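Trainee: I would like to go through this structure term by term. Please set each value against its cut-off.

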Amino acid sequence: MTDYYAVLGVARDATPEEIKRAYRRLAVQLHPDKNPGDAAAEARFKEVTQAYEVLSDPQKRQMVDLGADPMGGGAGPTAQGFGFGGLGDIMDAFFGGGAGAARGPAPRTRPGQDALIRVDVDLADTAFGTTRDITIDSAVLCDACHGEGTSPGTKVVTCSTCQGRGEIQSVNRTFLGQVVTSRPCHTCGATGIVIPSPCPQCGGDGRVRQRRTLPVKIPAGVEDGMRIRLAGEGEVGPGGGPAGDLYVEVHEREHPVFTREGDDLHCEITVPMTAAALGTSVPLPTLDGEEQVDVRPGTQSGAVVTLRARGVPHLRADGRGHLHVHVVVQTPTRLDDEQTALLEQLASLRREELPRVVGSDGHAGGLFGRLRRPR
């Protein structure tokens, strides 16, 4: 029997959320779109998908934990030597089958699983929104049998092994008395029906795998890591069951100029020391086109100039974030004799020949004088 826990790499006591996270991680790694032509990756992807389908279904997971294979492997022996298909069968063993009688066969048609795909977009796309075409490989309804799983002109029939009950019961005499045990019918897979002439296109599953392209509308203001839900675009369920949802996870590419914090944008501009002292205007390409950043006279390195409403639009409200421009003042490192003389003359005019330390009280003086000054 397949060890579905080992396939997903999770412990047997893993929570449903841990199982889901493990499946999503493996599905992204093994998806055929990321491994074109890799037959091993495709086979592994199908194995992982089947393991998630089993472990995400409480009834199937319970069968696995009790030693049965819900995908048709039959029941395995328990510590007592009986094959149990679920909690109801344990009740059958002690109460004569009354609990299992009301359970009935498992449905052949079941809802499909959700699917997850990642899409990489630029900052401008997440800021103002866009529409992208994505290609996915998922289970879709078989167009030959429309989910019935049967060949044209045929239909399903009642399972002759279990007589439509979906389980096989046996009676044993033990020291407890008469014990009735049940296990899923291996002939019909616990559904109570069989397909004598399966559909040649889907093999009786009611669904086939198909690569298709879907348009996805990315709203303005979406952030990195957010997911967009496309209802009913996920995996079609076994037996042509209703499809799950498709989640498109947005990943924002790194921008060469701007960094994003929420709906605000940040960037740096470098201005020469003389321009920072005298003031200047610097052209800056923004998401809305070129803007002029006014650097006021006397601007210090580390100052921030804010361009209001030049950030990213709010996702669920009106308005936009801001663009914060961080000013870096560049000090010259190489001066010729004339430039050195001019700076020395300026320092003399400003009486800045020697560095001074200004205390918190605004008093200027030598370094040691400040250290000696009592508080």
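Trainee: What does the accessible surface of the protein chain come to, and what share belongs to carbon and sulfur atoms?

Mentor: About 21,900 Å², with 51% belonging to carbon and sulfur atoms. Accessible areas come from the Shrake-Rupley method with a 1.4 Å probe, and for residues only the protein chains shown count as cover. This is a predicted model: local features need pLDDT of at least 70, side-chain atom pairs count only at pLDDT 80 or more, and totals for chains, interfaces and linings use all residues. Residues are numbered from 1 along each chain as its sequence is written, and side-chain values use heavy atoms, with hydrogens and water left out.

Trainee: How many helices and strands are in the protein chain?

Mentor: The chain has 10 helices and 19 strands. Both are DSSP runs numbered from the N terminus: helices are H or I with at least four residues, strands are E with at least two.

Trainee: What makes Cys 162 count as buried?

Mentor: Its relative accessibility is 0%. Buried means under 20% relative accessible area, exposed over 50%, partly exposed in between (1.4 Å probe, protein chains only). So Cys 162 is buried. Of the 375 residues of the chain, 37% count as buried.

Trainee: Which residues have the most contacts inside the largest nonpolar core?

Mentor: Tyr 4, Leu 8, Val 10, Ile 19, Tyr 23, Val 48 and Leu 55, in a core of 19 residues. Helices α1 (4-8), α2 (16-30) and α3 (39-55) each supply at least two of its residues. A nonpolar core is a set of buried Ala, Val, Leu, Ile, Met, Phe, Trp, Tyr and Cys residues joined through side-chain atoms within 4.5 Å. A second, separate core has 18 residues, including Leu 265, Ile 269, Val 271 and Val 295.

Trainee: Which residues is Leu 55 in contact with, leaving aside neighbours within four places in sequence?

Mentor: Tyr 4, Tyr 5, Leu 8, Ile 19 and Arg 61. Contact means heavy atoms within 4.5 Å. Across the chain, take contacts between residues at least 6 apart in sequence: 62% of them join residues at least 24 apart.

Trainee: What makes Lys 46 and Glu 42 a salt bridge?

Mentor: The N to O distance is 3.8 Å. A salt bridge is a side-chain nitrogen of Lys or Arg within 4 Å of a carboxyl oxygen of Asp or Glu. So the pair qualifies. The two residues are four apart in helix α3, about one helical turn. Lys 46 is partly exposed at 46%, and Glu 42 is partly exposed at 37%.

Trainee: Where do Arg 229 and Asp 245 lie?

Mentor: Arg 229 lies in strand β10 (227-230), and Asp 245 in the loop between β10 and β11 (246-252). Their side chains meet in a salt bridge at 2.9 Å, N to O. The pair therefore ties together parts that are 16 residues apart in sequence. Arg 229 is exposed at 52%, whereas Asp 245 is buried at 14%.

Trainee: How many salt bridges does the count come to?

Mentor: The count is 18. One of them joins Glu 352 and Arg 350 at 3.0 Å, N to O. Bridges that share partners link Glu 53, Lys 60, Arg 110, Asp 205 and Arg 207 into one network.

Trainee: Which residues make the nonpolar surface patch of about 230 Å²?

Mentor: Leu 335, Leu 343 and Leu 346. Patches are made of residues with over 30% relative accessible area and no salt bridge: like charges are joined within 9 Å, nonpolar side chains (Val, Leu, Ile, Met, Phe, Trp, Tyr) within 5 Å. Leu 335 has 38% relative accessibility and counts as partly exposed. Its place is in the loop between β17 (323-330) and α9 (337-349).
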